[in-house]
Amino acid sequence: MIGLKVPLLLVLLHAVFGSAYRWFNWQSEITCESDAYIAPENENATSSFLREQYSRGSLIKVVGNGHGFGNLTTCVDTSRTEKPSYIVSLTNLNHLHIDRESMTVTFGAGWDVYDLINELKANGLSFNYLGAMRVQNFVGAVSTGTHGTGSSLGNMATQVIGLRVLDSQGNLRIINETTNAGEDLKAFRVSLGALGLITELTIKVEPTHLVKKTTKVLNATTNYSQMYGEIAQLYKDHDRLTVWGPHFDWDDKVQDWEIEPTYFASWWEPTNYTGTRNCTLNYCANGCGDCKKNYICYDEVSDAVSCPAAGLCTNEFYAEIEHFFPIEHLVDFATNYTVFQQNQTPRMKAPYNEQMIFQYRILKGDDTYLSPANTYNLGPESSGLFGVLEIDWLQTYNNFTTLWQNQALAEEFLPRFGETYNVRSHWNKMSPPNATYIQEKFPKLPEFLDIQERQDPKCQFTNDFLIQQLGITRCANHLSM
């Protein structure tokens, strides 16, 4: 008997195929079952696949490397729908072209950040903006608002000046600063996978250069207002700064978080140095390794800002939030977040807590519709700069009870402080669903949803996360039908 799902032959004609594919995120704690894993050979094959699936209303979720803490990239599980549900990877779209005259690079959606960094370095080039990590697929990182730090730097999406995208019917749209007067580009830069399959990006690049990285160990205190006042001053003194701290360790005997006596900050600045490149030798990568020490190093900008991991730092579950807020609120915001977390401690009864790390960065605001650093609802008193707080709850053991406990507690910060400090959550880091709140913080959401309906009239690119977060009410019943 022939099954109700799409005939496999149609898929095999255009892509690498694997049946009954189960997807996991990078921590392997978020998962979904799809009917198949599809890896089209090129853009034309991707378009053909979409055209074939459109009449069936197949549910399609493009994934990169699964580097997220939420359900943004989760497919619609086959247990919940009668429609075909597919995981699509664009890993085979790996072409690349460098235009030195315009200082741009055009590349396919299969490129990961790590590989693209190395390719650019080999050609004497670098990104204008880069996040702290390099494990993500580049399109995935851009599409979720991934960022680094710097008061003159935007998130990675702001360097995108053009793209190619396929809608749910397989139609190609070419979007750039010229052909669409920039408005569609503002929507597609951070698209959350809701606007179609991005097959190619064009980004601005710059000649590679060395920077000086300074790391300084700082004293912590439970006088949080004082400590965060000192951190606020650091952000006034340095353009490109990350603060790793404060750090808290779990004391199992007293069932409480004990603040570590020190934390550290790193900042980057231009240099005329031409000697040995040693940031990756004096090893600290994204807070991992031998980091808490006073030192100065010099390296190519990508390696100084985003050190590649030399090995596995931790293999345990951890929960994480990342919240964006106007930088003017830093001292009050950080103090109240820390106190609120301390007040949650009596509820953290699950075992295997290990460490809690606060991390602060700074980011220039932008006009991308769904960027967490969008400036559309900022008042005239705002500088247009955002502080970014990340809190990580690390475990000693992969225990789901502890993970779920900490994730549930993590989701309480936004309802508690969102209105007070105009907070926006990173889309893929424990963002509680509230479409009304999202509309307020992302005033261009209606324009985004108009494009989403045009690009995906049958709701094939949506999932529960997108429907609930963005309030795509027209798609509410499409997933299970």
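**Chat about a domain interface**

Colleague: How many salt bridges does the rule find across the interface of domain 1 and domain 2?
Modeller: It finds 2 of them there. Keep in mind that this is a predicted model.

Colleague: Okay, and which residue forms a salt bridge with Lys121?
Modeller: That's Asp303, and the closest N and O atoms of the pair are 2.7 Å apart.

Colleague: How many residue pairs are in polar contact across that interface?
Modeller: The rule finds 14, counting pairs with both residues at pLDDT 80 or more.

Colleague: Which elements give two or more residues to the side of domain 1 that touches domain 2?
Modeller: Two helices and a strand: α3 (113-122), α5 (183-188) and β9 (125-127).

Colleague: And how do the residues of that side of domain 1 divide?
Modeller: You get 15 polar, 10 nonpolar and 5 charged.

Colleague: Let me back up a bit. Where do the two domains run in the chain?
Modeller: The domain assignment puts domain 1 at 96-208 and domain 2 at 210-436.

Colleague: How far apart do their C-alpha centres lie?
Modeller: The centres of domain 1 and domain 2 are 25 Å apart. As for contacts, 30 residues of domain 1 touch 31 residues of domain 2.

Colleague: What about area, how much do domain 1 and domain 2 bury between them?
Modeller: About 2800 Å², with 52% of it on carbon and sulfur atoms.

Colleague: Which residues in domain 1 lose the most area to domain 2?
Modeller: His147, Thr149 and Ser151, which together make up 23% of what the domain 1 side buries.

Key
Residues numbered from 1 in each chain as written. Predicted model: local features only at pLDDT ≥ 70, side-chain atom pairs only at ≥ 80, totals over all residues. Heavy atoms only, no water. Domains from an automatic or database assignment. Contact = heavy atoms within 4.5 Å. Buried area = accessible area lost by both parts, 1.4 Å probe. Salt bridge = Lys/Arg side-chain N within 4 Å of Asp/Glu carboxyl O. Polar contact = N/O pair within 3.5 Å; in protein donor to acceptor, adjacent residues only side chain to side chain. Helix = DSSP H or I, 4+ residues; strand = E, 2+ residues; numbered from the N terminus. Nonpolar A, V, L, I, M, F, W, Y, C, P; charged D, E, K, R; others polar.
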